Amino acid sequence: MKTEILTAIIGILGVFIGVVFQFFFGKKTNTHQHALEREAKAYSDFIKGVVLYGSINKYKDIERQEAYKIYLDAKIRICLYGNKKVITSLSRFIELGSVIGNKEQRVSFIEIIKSMRRRVKNQFGSITDEEIGNIVLDLSKKYDD
């Protein structure tokens with residue numbers, strides 16, 4: 001009889017310990033996933049802000065101001081949640097003037113995007129700098145350098 005009671009207590013204790021571990025590990029995984037989502041959102045908003053700001057007609061001040069707000073907000077969130085390599089790439093882009101005007105600035109912006117793709121666990125394969133440039137910066141257009 002004592003063996004049966006001991007077996008039941010060990011079984012109940014095992015279930016309880018399993019539930020506790022599942023709760024804490026699930027919470028940690030959920031927190032990590034949420035942090036990655038915030039980081040990825042900041043990255044996409046930054047790219048959107050830079051591209052919008054650069055492509056809106058200079059005479060549409062209200063739209064440019066909105067694009068600039070998106071850009072500033074994303075920069076702040078990247079400083080809070082961003083990966084070191086992304087922050088380093090972003091800092092370089094800012095040193096170059098935070099615009100996509102010449103070849104060095106375009107290369108710097110593409111470096112930011114590559115760093116972001118590496119950070120968000122890119123399981124989609126790699127893409128070339130030229131592909132990034134064509135997609136985000138429409139480099140099929142001719143620029144004067």
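Is Phe 46 buried or exposed, and what is its relative accessible area? In this predicted model, Phe 46 is buried, with a relative accessible area of 0% (buried means under 20% and exposed over 50%, with partly exposed in between, for a 1.4 Å probe and protein chains only). Local features need pLDDT of at least 70 and side-chain atom pairs pLDDT 80 or more, whereas totals for chains, interfaces and linings use all residues. Residues are numbered from 1 along each chain as its sequence is written, and side-chain values use heavy atoms, leaving out hydrogens and water.

A search of the whole structure gives 5 aromatic pairs (rings of Phe, Tyr and Trp, the last by its six-membered ring, with centres within 6.5 Å; planes under 30 degrees apart are stacked, over 60 edge-to-face, the rest tilted). Phe 46 and Phe 109 make a tilted pair, at 6.2 Å centre to centre and 40 degrees between the planes. This pair links distant parts of the chain, 63 residues apart: Phe 46 lies in helix α1 (residues 2-55) and Phe 109 in helix α4 (residues 103-119). Helices are DSSP runs (H or I, at least four residues), numbered from the N terminus. Phe 109 is also buried, at 0% relative accessibility. Phe 93, in helix α3 (residues 84-95), forms a tilted pair with Phe 109 at 5.4 Å and 45 degrees. One aromatic cluster takes in Phe 46, Tyr 68, Tyr 71, Phe 93 and Phe 109.

Now to α3 itself. Its buried residues are Val 86, Ser 89, Leu 90 and Phe 93. They sit on the same side of α3, because they cover an arc of only 100 degrees around the axis (taken from the directions from the helix axis to the C-beta atoms). The face turned away from this buried side carries exposed Lys 84 and Glu 95.

How values were computed:
Helices (H or I, at least four residues) and strands (E, at least two) are DSSP runs, numbered from the N terminus.
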